[in-house]
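Please read the points below with the sequence and the model at hand.

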Amino acid sequence: MRTMKRVAAVALSVVVLMTSGVSAKAAVTDVQPAKSSSEAVLKWKTKVGEEYDQVTWANNTLSRIKLVGNYIYAADDHQHRVVKIDKKTGKIVKEHKYYDENYIQHYIGNIAYGEGKIFVEYNQGKIQAFDADTLESLWITETTNNAISSELTYTDGKLYFGTYSGVHPDTGSNTTYSYYTLNVKDEDIENQYEEKKITKIIDSEGGSFNFKKGIVVGNYILISDSAGKIFSIDKKTDKIIDEKQFGEDYEGNVYERFRGNMAYDESSHRIFFMIGINDLYGVKIADSGKFEETQSSVKVYDTGYSATTPEVYNGKVYVSGTKGNPFKDPGYMAVVDVNSKDYKVNYTVELPGYSQAEPTVVTNGTDSVKVYFTVNNAPGAVYAINDSKGATTSELETIYEPSDDAKNSGCQSPVIIDTDGTIYYTNDSKYLFAVGKKAAETVKPTESTAEEKPATKPSSEATTVVNETKTKPVTKTVKSTRSVKLTWKKKKSAKGYVIYAKAGKGKYKKVTTVGKKTSKTIKVNKDSSYKFKVKPYKLTKKNKKKYFKAYAAKAKFGSKTVKVTFKNVTGYASYKVQMKAGKAAYKTVKTTIKGGTITYTKKKAKVGTTYKFRLKGINKVNGKTVSVTIK
């Protein structure tokens, strides 16, 4: 039974850790996770599903995870449910069953997030949307022509997805594969299983969209099929504006088709992808969204194929493939120089298997990077290689290896690095891992004492810190909200109440649903006058809601404040808390000589404004005041 649907105008307070240096590219980051196995430490592990067996493997699919704010989401076929997991503890805090207890995902399940919704795809040709807060169902789509097995791409209020071979529940088997879109808006808030209409964009009989990922490039969605064709779709019209064929349709050898995905490099306006027998292509995208004739390619390895997504950074492509049969032969991670028209393979590193997920590139402000990835082979671990300017070789490192029953024969999960450096991933044991890093010892510079305070206006020479230019600081971002305690008269025979709010001259919108209690504290995120009302309901014999007439609720508003907390602070003579409101510059709002836990409360905060905070540590070194932004 539904208890809440999200309302944009009146939402829960959101406090999210942000890293100022994180690239807009999801798999390129300057957040520093554990750099070695000696630094890595398991924070927690949670088993969500059950391992595959040789008979019912499809029923045990655990989707790739989605990290949103303080929670991790996944879809679990073993119990036919979607789960919400606290990223700090690994505890499942909410779960909800699939639309049908017999529904399952495809082999590598993919979920997506957008507009406060979690989207789950089913082998039965449907997509279901769940409220990200409550996990209650919002809608389910009409049935497609086949099993939905692509990655889900959300952008600008729309979801894009494609199909693979399967048995259609109405028409039986189908060999035509299609690519679709739909508007994710929840039009009927009272019907949690409303049927959403979908729009077909592409029909393909030559290649499927199995595991394919649409990428957003400006006003366009780029997608490929398994037969080597790439398409450019106008997001506004959902029409194909260009298409291009690459390679051959290698009949009879499924491993030599276009099995992987594309990566887009904004600096060169090119997409990169592997096709055929490990051929890496680069194709330029015009501002019109069309594919330009200029293209380059290089054979990365003479045998095998690739079914993964490359990553591109600073003129280099990082991509994995297999040297032969993916279930028997070793794999490789390749580093390819794509700065010039003639692409060059700098080197490859042999892997125990090959990686079937996009690698994550970690930068550190220099010409060197560390590339993190998983391998589809035992023991289901996290690996990395180091790469730098001019490098011609590298060694494979194991960053974290599971133990006991968490070891497994495969891992097709990407490495997700959170803003505090925690690594999240899953393997085929159906465990979800949170891998942190051991705290480094804090070494105080000589001549620093707890009594020394920073100069009020230190010289520019004294405050120049190399670390601040090399490594951008972790900041805390807080969006100001205001609490409101609501109370209302009890309605006899009511089983619950639906709360509505109206901001200013706007319309009443649903906030949440509560049980028999007659009070509720919510939060608002606008500087506006608000009115609130409740609509009681009772349940019919068929367990459906029957509503009474709505009436007003009394509101008691709390103060407009924003609070920030920094924990486990040590190693400096004094500290400064700095704050910026919106696009304004940072300014110091608090100075203290006490470490440990440092808090600051901004009073009379403007509701709806985003506030960012950072912490600086102050010491005196050789008579000079040195300021360091604490990461």
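The numbered points that follow go from the chain as a whole to particular strands and residues.

1. Overall make-up. The model is a predicted one. The protein chain contains one helix and 52 strands. Of its 631 residues, 52% count as buried. Among contacts in the chain with a separation of 6 or more, 57% involve residues 24 or more positions apart. The chain exposes about 29,300 Å², and carbon and sulfur atoms supply 47% of that area.

2. A sheet of four strands. An open sheet is formed by four strands in the order β4-β5-β6-β7, with antiparallel pairing. Its edge strands are β4 (66-68) and β7 (92-97), each of which pairs on one side only. From one strand to the next, the twist averages 20°. Within this sheet, β5 (residues 71-76) and β6 (residues 81-86) are paired in the antiparallel sense over six bridges.

3. Strand β33 spans residues 369-374 and β34 spans residues 382-387. These two strands pair in the antiparallel sense over six bridges, and Tyr372 stands opposite Ala384 in β34. On to β35 (397-400): three bridges join β34 to β35, and the two run antiparallel. Here Tyr383 has Thr398 of β35 as its bridge partner. Five of the six residues of β34 are buried, so this strand is largely enclosed by the rest of the structure.

4. The largest nonpolar core. Which residues touch the most other members of the largest nonpolar core? They are Tyr372, Val382, Ile399, Ile423, Tyr425 and Phe433, out of 18 residues in that core. The elements giving two or more residues to the core are β34, β35, β37 (423-426) and β38 (431-437). The largest share, three residues, comes from β38. As a general background, nonpolar side chains in soluble globular proteins tend to be buried together.

5. Ile399 and its surroundings. Leaving aside neighbours within four places in sequence, Ile399 contacts Tyr372 and Val382, and its other contacts include Lys370, Tyr383 and Ala384.

6. Not counting residues up to four places away in sequence, Lys370 touches Lys35, Asn386, Glu397 and Ile399, among others. Thr360, Val361 and Val362 are also included in its contacts.

7. Ser232, a buried serine. Ser232 lies in strand β22 (residues 229-234). With a relative accessibility of 0%, Ser232 counts as buried. The side chain of Ser232 reaches the backbone oxygen of Gly289 at 2.6 Å. Beyond its neighbours within four places in sequence, Ser232 is in contact with residues including Tyr220, Ile221, Leu222, Ile240, Gly289 and Phe291.

8. Backbone geometry to inspect. Most residues other than glycine have a negative phi, and most peptide bonds are trans. The peptide bond from Ala378 to Pro379 is cis, with omega near 10°; Pro379 is found in the loop between β33 and β34. Asp156, in the loop between β13 (153-155) and β14 (158-164), has a positive phi, near 50°. Asp404 has a positive phi of about 55° although it is not a glycine, and its place is in the loop between β35 and β36 (416-417).

Definitions and conventions:
Residues numbered from 1 in each chain as written. Predicted model: local features only at pLDDT ≥ 70, side-chain atom pairs only at ≥ 80, totals over all residues. Heavy atoms only, no water. Pairing = 2+ DSSP bridges. Axes fitted to C-alpha atoms, helices over the stretch in contact; angles between N-to-C directions. Buried < 20%, exposed > 50% of the residue type's maximum accessible area, 1.4 Å probe, protein only. Polar contact = N/O pair within 3.5 Å; in protein donor to acceptor, adjacent residues only side chain to side chain. Contact = heavy atoms within 4.5 Å. Areas by Shrake-Rupley, 256 points an atom, 1.4 Å probe, with all protein chains shown as cover. Core = buried A, V, L, I, M, F, W, Y, C linked by side-chain atoms within 4.5 Å.
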